[in-house]
Amino acid sequence: MVDNIKLQLESYGYEFVEGDELLIELLEGNSIQYIKHFCNINEVPACLDHVLVDITCGEFLKLKHITGQLTSIQIESAVKSIQDGDTRVEYNVSYMDDAVGMFNKFLEALIHGHTDELLRHRKLVW
């Protein structure tokens, strides 16, 4: 499963550094426990593997972003104006807010966007 998670993170443009694999394994365990507790099941079925991968990727990117280790948010088009003489660059602050907002929505969709699928596998506890 770790390989699938790494492939998905690479597809988002993330470049791995030392120690990322251990973090992925820890977050994968957390995601498995979340799914098991949410659905009240003992094992995560194979049909929920993609949900497990998405949740783990979302948690990984969120943790990297919060700790300041994620620099993959592209803000090249956030430049409002450039001046060549004396090298002045002015950023469009509203775009940067939108970029961070879009990134946060992306993380939210990865982490919590599969509620309907999880509800289909939920079992009642008596």
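Reader: In which helix is Lys 64 found, and how are helices assigned?

Author: Helices are DSSP runs of H or I with at least four residues, strands are runs of E with at least two, and numbering starts at the N terminus. Lys 64 belongs to helix α3. The structure is a predicted model, with residues numbered from 1 along each chain as its sequence is written, and side-chain values use heavy atoms, leaving out hydrogens and water. Local features need pLDDT of at least 70, side-chain atom pairs count only at pLDDT 80 or more, and totals for chains, interfaces and linings use all residues.

Reader: Is Lys 64 buried or exposed?

Author: A residue is buried under 20% relative accessible area, exposed over 50%, and partly exposed in between, using a 1.4 Å probe and protein chains only. Lys 64 has a relative accessibility of 5%, so it counts as buried.

Reader: Which residues does Lys 64 touch, and with which side chain does it make a polar contact?

Author: A contact means heavy atoms within 4.5 Å. Leaving aside residues up to four places away in sequence, Lys 64 touches Tyr 14, Val 17, Asp 20, Leu 23, Gln 69 and Leu 70. A polar contact is a pair of N or O atoms within 3.5 Å; within protein, one must be able to donate a hydrogen and the other to accept it, and residues adjacent in sequence count only if both atoms are side-chain atoms. The side chain of Lys 64 has such a contact, at 2.7 Å, with the side chain of Gln 69.

Reader: How should the span of helix α3 be read?

Author: The expected span is 1.5 Å times one less than the number of residues. Helix α3 covers residues 49–66, which is 18 residues, so it should span 26 Å; the C-alpha atoms at its ends are 26 Å apart, in agreement. Its buried residues include Val 53, Asp 54, Cys 57, Phe 60 and Lys 64. After α3 comes Gly 68, with a positive phi near 80°.

Reader: What is the corresponding picture for helix α2?

Author: The 20 residues of α2 (residues 20–39) should span 28 Å, and because its end C-alpha atoms lie 28 Å apart, the two values agree. Among the buried residues of α2 are Asp 20, Leu 23, Ile 35 and Phe 38. The cover over the buried residues of α2 includes α1, α3 and α5 (115–120). Just after α2, Asn 40 takes a positive phi of about 60°.

Reader: How does Gln 8 connect to its surroundings?

Author: Gln 8 lies in helix α1 (residues 2–11) and counts as buried because its relative accessibility is 17%. Its side chain makes polar contacts with the side chains of Tyr 12, at 2.5 Å, and Asp 54, at 2.6 Å. Apart from residues up to four places away in sequence, Gln 8 touches Val 53, Asp 54, Cys 57 and Leu 110.

Reader: How many aromatic pairs does the structure hold?

Author: A pair of aromatic rings is described by the distance of the centres and the angle of the planes. Rings of Phe, Tyr and Trp (its six-membered ring) pair if their centres lie within 6.5 Å; planes under 30 degrees apart are stacked, over 60 edge-to-face, and the rest tilted. There are 4 such pairs in the structure. For Tyr 14 and Phe 60, the ring centres are 5.2 Å apart and the planes meet at 90°, so this pair is edge-to-face. Tyr 14 lies in the loop between α1 and α2 and Phe 60 in α3, so the pair ties together parts 46 residues apart in sequence. Tyr 14 counts as buried at 9% relative accessibility, as does Phe 60 at 0%.

Reader: How are the rings of Tyr 34 and Phe 38 arranged?

Author: Tyr 34 and Phe 38 form a tilted pair, 5.9 Å centre to centre with 35° between the planes. Being 4 residues apart in helix α2, they are separated by about one helical turn. Tyr 34 is partly exposed at 34% relative accessibility, whereas Phe 38 is buried at 18%.

Reader: Which charged residue lies over the ring of Phe 38?

Author: A charge sits over a ring if NZ of Lys or CZ of Arg is within 6 Å of the ring centre and within 35 degrees of the ring normal. Arg 122 lies over the face of Phe 38, 4.8 Å from the ring centre. The charged end of Lys 6 sits over the ring of Phe 16, 5.5 Å from its centre. Phe 16 also forms one aromatic cluster with Tyr 14 and Phe 60.
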